[in-house]
Amino acid sequence: PASLQARIPKPTHPNNPRAKAAEGLRRLGPKAKEALPELIDTLNDPDTMMRAAGIAALEAMGTEAQAAVPALIQLFKDAVPHIRGAAAGATWEILNASGSRARSAEFMLGRLKHEEPLIRLSAAECLLERDPARRQVVLPVLEPMMKFGSARLRPLAAQAITRSGATGELALAASLALLQHPIPGLRVHAFKHLAAHQNFGIGGR
């Protein structure tokens, strides 16, 4: 609608007024459904802040944002990790609002079979965070990503494994892989994981 388009002007800037407008729409929750097309458009914005604001507003809309799910799925493979996580979380909450926790879980389980590795990874991370009981289903999806994925994918999968609560040989392998990564933060994360799980319950997952 023209009235809402006027509230979301086009210039991009670190203090993007469009992001502020999206934040205002987030506060409206489901009452912002009139702005759904414009909010879906924000998911393609080159400004990370704008994408994040759009995701948050869509999540707050709950069941009224079901039409945004296909666009949110495309952000599962975003270059920015927190955008991937936010998009997966928003998808979960939108489906949860319109159905049940089981519906959200089944949807994410289906994405574990997606041809795009980052979509599989984002779905796996979402399940581990929001439905930890699915860990035994998720870990076998992450393991080949960690061992045979691209240089970009391997550390992401290894980090997801170490955050999953797993303490077996797979978790140990993930920590050892991260210890060799050039990014200091990942090495520190691996060291803390190793220190917290010294015996790793070898023989389990």
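Reader: Just after H10, what phi does Gly165 take?
Author: Happy to start there, with a note that this is a predicted model in which local features need pLDDT of at least 70, side-chain atom pairs count only at pLDDT 80 or more, and totals for chains, interfaces and linings use all residues. Residues are numbered from 1 along each chain as its sequence is written, and side-chain values use heavy atoms, leaving out hydrogens and water. Helices (H or I, at least four residues) and strands (E, at least two) are DSSP runs numbered from the N terminus. Just after H10, Gly165 has a phi that is positive, at about 90°.

Reader: How many helices and how many strands does the chain have?
Author: From the N terminus on, the elements run α-α-α-α-α-α-α-α-α-α-α-α. The count for the chain is therefore, by the DSSP runs, 12 helices and zero strands.

Reader: What percentage of the 205 residues in the chain do buried residues make up?
Author: Buried means under 20% relative accessible area, exposed means over 50%, and partly exposed lies in between (1.4 Å probe, protein chains only). Under that rule, the buried part of the 205 residues is 45%.

Reader: Which residues have the most contacts inside the largest nonpolar core?
Author: A nonpolar core is a set of buried Ala, Val, Leu, Ile, Met, Phe, Trp, Tyr and Cys residues joined through side-chain atoms within 4.5 Å. The largest such core has 60 residues, and its largest share, eight residues, comes from helix H8 (residues 117-130). The residues with the most contacts inside the core are Leu58, Leu72, Met108 and Leu142.

Reader: Which residues does Leu72 touch, not counting residues up to four places away in sequence?
Author: A contact means heavy atoms within 4.5 Å. With residues up to four places away in sequence not counted, Leu72 touches Leu43, Ile55, Leu58, Ala87, Ala90, Thr91 and Ile94.

Reader: At what angle do the axes of H6 and H8 cross?
Author: Axes are lines fitted to C-alpha atoms, for helices over the stretch in contact, with angles from 0 to 180 degrees between N-to-C directions. The axes of H6 (residues 81-98) and H8 come within 9 Å. Their crossing is right-handed, and the angle is roughly 60°.

Reader: Which residues of H8 does H6 meet?
Author: From the H6 side come Arg84, Ala88, Gly89, Trp92 and Glu93. By class, this contact has five nonpolar, two polar and three charged residues, where Ala, Val, Leu, Ile, Met, Phe, Trp, Tyr, Cys and Pro count as nonpolar, Asp, Glu, Lys and Arg as charged, and the others, Gly among them, as polar. On the H8 side are Leu118, Ser122, Cys126, Leu127 and Arg130.

Reader: Is Ser122 buried or exposed?
Author: Ser122 lies in helix H8. Not counting residues up to four places away in sequence, Ser122 touches Phe76, Arg84 and Ala88. Because its relative accessibility is 1%, Ser122 counts as buried.

Reader: What is the handedness of the crossing of H9 and H11?
Author: The axes of H9 (residues 135-148) and H11 (residues 169-179) come within 11 Å and cross at roughly 35°. Leu139, Glu143 and Met146 in H9 meet Leu170, Ala173 and Ala174 in H11, a contact with five nonpolar, no polar and one charged residues. A crossing is left-handed if the near helix is turned anticlockwise from the far one by less than a right angle, and right-handed if clockwise; that of H9 and H11 is left-handed.

Reader: Which helices are included in what covers the buried residues of H10?
Author: H10 is mostly covered, with nine of its 11 residues buried. Among them are Leu153, Leu156 and Ile161. The cover includes H6, H8, H9, H11 and H12.

Reader: How far does the backbone oxygen of Gly149 lie from a polar atom of the side chain of Arg154?
Author: Arg154 sits in helix H10 (residues 153-163) and, at 35% relative accessibility, counts as partly exposed. Leaving aside neighbours within four places in sequence, Arg154 is in contact with Met145, Met146, Lys147 and Gly149. From the backbone oxygen of Gly149 to a polar side-chain atom of Arg154, the distance is 2.8 Å.

Reader: What is the relative accessible area of Ser164?
Author: Ser164 is in the loop between H10 and H11. Leaving out residues up to four places away in sequence, Ser164 touches Leu128, Arg135 and Leu139. Ser164 is buried because its relative accessible area is 13%.

Terms used. A polar contact is a pair of N or O atoms within 3.5 Å; within protein, one must be able to donate a hydrogen and the other to accept it, and residues adjacent in sequence count only if both atoms are side-chain atoms.
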